[in-house]
Amino acid sequence: MQVFKNLSVIILGLVFGLSLGFLLTNIIQKPSSKNPVSTTVSTSKKTNKEVLGFLPYWLLSSASENYAGKITNLDYFSLTPDTDGSILKFTMPGESEPGYLALTSGKLDPFFDNARQNNIKLSLTIFDGDQDSINELISDPVNHADNLVNDLTPIISQYGFSDLNMDIEGTDTASPSAQLNYQLFIKEIHDQIKSKIPSLTLSDDIIPVDLVRDDHLSVPKNIINYLDYIVVMAYDFHSPSSLVTGPVAPLYGAGSESEFDTQSAINAASKLIDPKNILLGMPFYGYSWETIDNFPRSAVIPTTAFIEDNKDLENLLSNCATCSAQFDNVAQESYLIYKNTDSNTFQQYFYPDMKSVSSKINFIKGNNLGGLAIWALGYENQSGNIFNPIEELLKE
């Protein structure tokens, strides 16, 4: 759903609610294998896409309070379950859990108020990325799921959330019994939350590799029937742990320049669920690495990787007279390579921009996906040009 330098490094999931009206009219179903994913843009009818923006609590000071015309769904990221399923309120005696504190202290109120005024729906993510905590959480799946729903129900009602997004990122190899427990955990959440709030939609964030292998905790085919839609977190194909540089969210290239890409992940997802119930997760961040060589996919000097948001890269390009961005026509992602003045090394950046976002929107249209999910609001440059293709999509 993945490593960041700071808290963003730890949490990548990103992550991401689909609108209530859309979901009520698009019930999940398995598509026919005779309906392959298209790679061309359909122009036969206008699009009606969802744009979910994840708003992490640690980016509140960087994000805009008003995303009218840019998103259709605002997702608060996140609350954390304790090992018994109840919402974690304190990390230790006297220290509040930051996600819960941000929500209950009123810091989110301006964002929520603006969303309501502009008919932007509200979504809430439940996140856990600690493997030991996850193991305890699913050790008693039914009771712990009930605890979670009991704690969530008044919160959902108080803030008017219309979607619950699950982001439980267990990336270790899991036993069949652990996979079954996770399936029971998601099923119980579905059954209980739907009985209490029938109109609420339930979604899950899925890392691309889980769509092509079945030895992790989440096996999508086992939980898909309990979900209204999924978010495919199609990023971190290269990350701080990578041994070579390369595109963070490549659209294409599998079989030629890489083993896996976004198209492969969406092809796999579309065999499990109607493409209209898939949101393509796209990053508003990239990475930089230090290398000895000056070409893409160079070996990385260890411990030199950093997260770089769209804002960082736009500022770099505007202030660097010798920097010139290039575009990977296969991956459909921008990159920048320049020589460090104080060493005999090179700095390489792979990152999203308006051009790469345009390519992903064309991909979404061509594959008839339900829309996109942005990780994360607050990473964008305040000039907002990375939103231009998204705004055009929502006008169609």
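In this predicted model, strand 9 (residues 278–283) runs parallel to strand 15 (residues 371–375), and the two are joined over 5 bridges. Within this pairing, Met282 has Ile374 of strand 15 as its bridge partner. Strand 15 also pairs with strand 1, again in the parallel sense, over 4 bridges; here Leu372 in strand 15 is the bridge partner of Val51. Strand 15 is mostly covered, with 5 of its 5 residues buried.

Because 6 of its 6 residues are buried, strand 6 is largely enclosed by the rest of the structure. In a regular strand the side chains alternate between the two faces of the sheet. In strand 6, Asp163, Asn165 and Asp167 point one way, while Leu164, Met166 and Ile168 point the other way, and all are buried. Strand 5 and strand 6 run parallel and are joined by 6 bridges, with Leu124 standing opposite Leu164 of strand 6. Strand 6 is also joined to strand 7 (residues 201–206), in parallel, by 4 bridges; in this pair Asp163 stands opposite Thr201 of strand 7.

Just after helix 4, Asn119 adopts a positive phi of about 55°.

Two packed helices are described by the angle between their axes and the distance between the axes. On the helix 6 side the contact involves Pro141, Val142, His144, Ala145, Asp146, Leu148, Val149, Asn150, Thr153 and Ile156, which meet Asn181, Leu184, Phe185, Glu188, Ile189, Gln192, Ile193 and Lys196 of helix 7. By residue class, this contact divides into 10 nonpolar, 5 polar and 3 charged residues.

An open sheet of 5 strands, with antiparallel pairing, has the order 11-10-14-13-12. Strand 11 (306–309) and strand 12 (326–328) stand at its edges, and each has a single partner strand, so one side of each is left without a neighbour in the sheet. On average, neighbouring strands of this sheet are turned by 30° against each other, direction ignored. Within the sheet, strand 13 (residues 333–339) and strand 14 (residues 346–351) form an antiparallel pair over 6 bridges, in which Tyr335 stands opposite Phe350 of strand 14. Helix 10 (residues 310–319) packs on the sheet and touches strand 10 (285–291), strand 11, strand 13 and strand 14. The direction of helix 10 makes about 80° with that of strand 11.

Thr91 counts as partly exposed because its relative accessibility is 40%, whereas every residue of strand 6 is buried. Apart from its neighbours within four places in sequence, Thr91 is in contact with Ser96, Glu97 and Pro98.

How values were computed. Residues are numbered from 1 along each chain as its sequence is written. This is a predicted model: local features need pLDDT of at least 70, side-chain atom pairs count only at pLDDT 80 or more; totals for chains, interfaces and linings use all residues. Side-chain values use heavy atoms; hydrogens and water are left out. Contact means heavy atoms within 4.5 Å. Ala, Val, Leu, Ile, Met, Phe, Trp, Tyr, Cys and Pro count as nonpolar, Asp, Glu, Lys and Arg as charged, and the others, Gly among them, as polar. Two strands pair if DSSP finds at least two bridges between them. Axes are lines fitted to C-alpha atoms, for helices over the stretch in contact, and angles run from 0 to 180 degrees between N-to-C directions. Buried means under 20% relative accessible area, exposed over 50%, partly exposed in between (1.4 Å probe, protein chains only).
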